[in-house]
Amino acid sequence: MNDQSSRQSATTAALSEQTVELPSWAFGNSGTRFRVFTTEGVPRDPYEKIADAAQVHKYTGITPRVSLHIPWDLVDDFSDLARHADDHGLTIGMINANLFQDADFRLSSLTHSDERIRRKAIDHHMQCLDVMRATGSKELKLWLPDGTNYAGQDSLRARQDRLAESLAEIYAAMDSDHTLVLEYKFFEPAFYSTDIPDWGTALLHCLALGERATVVLDTGHHAPGTNIEFIVMQLLRQGRLGAFDFNSRFYADDDLMVGSADPFQLFRIMHEIVQADALKPEAGVNFMLDQCHNIEEKIPGQIRSVMNVQEATAKALLVDSEALTAAQQAQDVLGAHGVLMDAYNTDVRPMLAELRAGQGLDPDPMAAFAASGYAAEVAAARVGGTQAGWGA
Ligand code: LRH
Ligand code: MN
């Protein structure tokens with residue numbers, strides 16, 4: 001597959017199989033500790049969030065799943081919500097537990113020294129498993145905010161032992177077709193120690209739990225300067241990369257649009273995915289966005305983010321792998337780097353526009369959504385009630 005044209009057709013074929021999962025919370029209000037800005041037309045409940053997510057799928061064609069966050073997306077009847085999603089051509093994806101807002105979890109949750117608090121945190125995951133059974137979701141996503149702020153505040157080792165015990169109980173309660181996806185983050189909300197601070201700690205817990213425990217890589221959860229694509233490669237090598245939480249950042253967990261702060265990093269990440277043949281759905285890696293649109297419009301923000309993922313993926317698929325391997329084998333430093341940069345510097349927008357046209361979509365999703373009048377429509381319709389999101 002050395003010639004350009006066969007690489008182009010293989011690229012188009014792979015891109016038409018790609019899917020990206022959307023976070024329900026990206027459609028609600030969000031902000032920083034300084035302020036949460038609200039905008040007209042923001043959804044007031046999970047039904048409206050799903051309707052907005054369907055707009056992203058309508059114009060990009062590659063976002064057929066919406067991830068929910070519990071309790072932010074609590075409803076009376078989750079199977080009815082799943083039907084509502086189906087009516088909009090979507091399915092419910094990963095179910096996110098929330099251990100970072102309950103007052104009882106001020107001093108931690110699954111690692112807490114008080115067995116009653118750990119019980120409450122474990123029971124929250126039992127509730128999430130019931131939501132999965134009602135919505136048909138297969139992935140339980142667990143980000144652990146637990147940590148300490150001062151040296152000596154607690155035993156780092158005892159916390160790990162308690163964590164392993166709590167995770168084992170959650171894992172044992174999962175159905176045989178459920179997967180636990182465990183998310184790490186190097187700091188915040190704790191500032192001295194974090195109990196799952198890095199991929200290594202997340203992987204160790206997953207290996208201890210069993211085959212159906214995998215790691216979530218949130219691109220905003222690493223120390224500055226971290227070679228994230230190396231972690232992608234290593235988790236794939238272990239067969240334990242379960243999902244991405246895509247976003248981008250300049251400083252900390254900024255949750256900005258993926259590819260907006262560092263498009264070259266996103267390309268390098270997708271290069272490792274493509275080289276490991278992990279783009280195809282059966283490879284089991286869930287490509288999800290985890291972002292907050294604090295100042296920009298939320299639906300266009302999601303559409304632009306999905307397009308950034310598509311562009312990085314297309315460039316990665318265009319890498320002349322044979323020429324790259326030959327140059328690497330020949331220790332041709334500049335030659336090898338050059339092969340990668342040729343792909344990265346390829347303008348893939350015409351190819352993606354053609355792909356969309358071939359799928360019966362408008363070649364320019366941003367313009368198509370803007371012209372649809374949907375934003376004005378919901379701004380007029382969604383009057384009254386409480387807008388969803390932070391500060392709600
Ligand atoms: C934690 C996190 C996690 C979600 C939350 C909204 O920073 O990345 O994935 O639960 O953001
Ligand atoms: Mn995340």
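## Aromatic rings

Four aromatic residues, W25, W72, F100 and W143, are joined by ring pairs into a cluster. The structure is a predicted model, and the values in this report are computed from its atoms. In total, 13 aromatic pairs are present.

## The manganese site

Which residues coordinate the manganese ion (ligand 2)? The donors come from E183 (OE), D218 (OD), D245 (OD) and D290 (OD), at 2.1 to 2.2 Å. Along the sequence, these donor residues follow the spacing E-x34-D-x26-D-x44-D. D245 sits in strand 9 (residues 241-246), while D290 is in the loop between strand 10 (286-289) and helix 9 (298-317), so the two tie together parts that are 45 residues apart in sequence. D245 and D290 are both buried.

Why is the arrangement around the manganese ion (ligand 2) called octahedral? The ion has six donor atoms, and the angles they subtend run from 73 to 171°, which makes the arrangement octahedral. For six donors, this class requires opposite donors to be over 155 degrees apart and all other angles to lie between 65 and 115.

## The largest pocket

The largest pocket holds about 1300 Å³ of space. Its lining is made up of 46 residues, and those nearest the centre are W143, K185, E188, P189 and W390. W143 is also a member of the ring cluster with W25, W72 and F100.

Strand 4 (139-143) and strand 5 (147-148) each contribute at least two residues to the lining of this pocket. Sorted by class, the lining has 20 nonpolar, 12 polar and 14 charged residues.

## Enclosed cavities

How many cavities of 30 Å³ or more are found in the whole structure? The search finds two. The largest cavity has a volume of about 40 Å³. Its lining consists of T219, N247, S248, V258, G259, D262, Q265, L266 and I269. Three of these lining residues are nonpolar, five are polar and one is charged.

The second largest cavity contains about 30 Å³ of space. The residues that line this second cavity are F37, T38, T39, H293, N294, I295, E296 and K298. By class, two of them are nonpolar, four are polar and two are charged.

Definitions and conventions:
Residues numbered from 1 in each chain as written. Chains lettered and ligands numbered in written order. Predicted model: local features only at pLDDT ≥ 70, side-chain atom pairs only at ≥ 80, totals over all residues. Heavy atoms only, no water. Donors = N, O, S within 2.8 Å, 3.2 Å for Na, K, Ca; no water. Tetrahedral: all angles 85-135°; square planar, octahedral: opposite > 155°, others 65-115°. Helix = DSSP H or I, 4+ residues; strand = E, 2+ residues; numbered from the N terminus. Buried < 20%, exposed > 50% of the residue type's maximum accessible area, 1.4 Å probe, protein only. 1 Å grid on protein atoms, 1.4 Å probe; cavity = no way out; pocket = protein on both sides within 12 Å on 5 of 7 lines; lining within 4 Å. Points joined across faces, edges and corners; volume = space filled by probe spheres on them. Nonpolar A, V, L, I, M, F, W, Y, C, P; charged D, E, K, R; others polar. Phe/Tyr/Trp six-rings, centres within 6.5 Å; stacked < 30°, edge-to-face > 60°.
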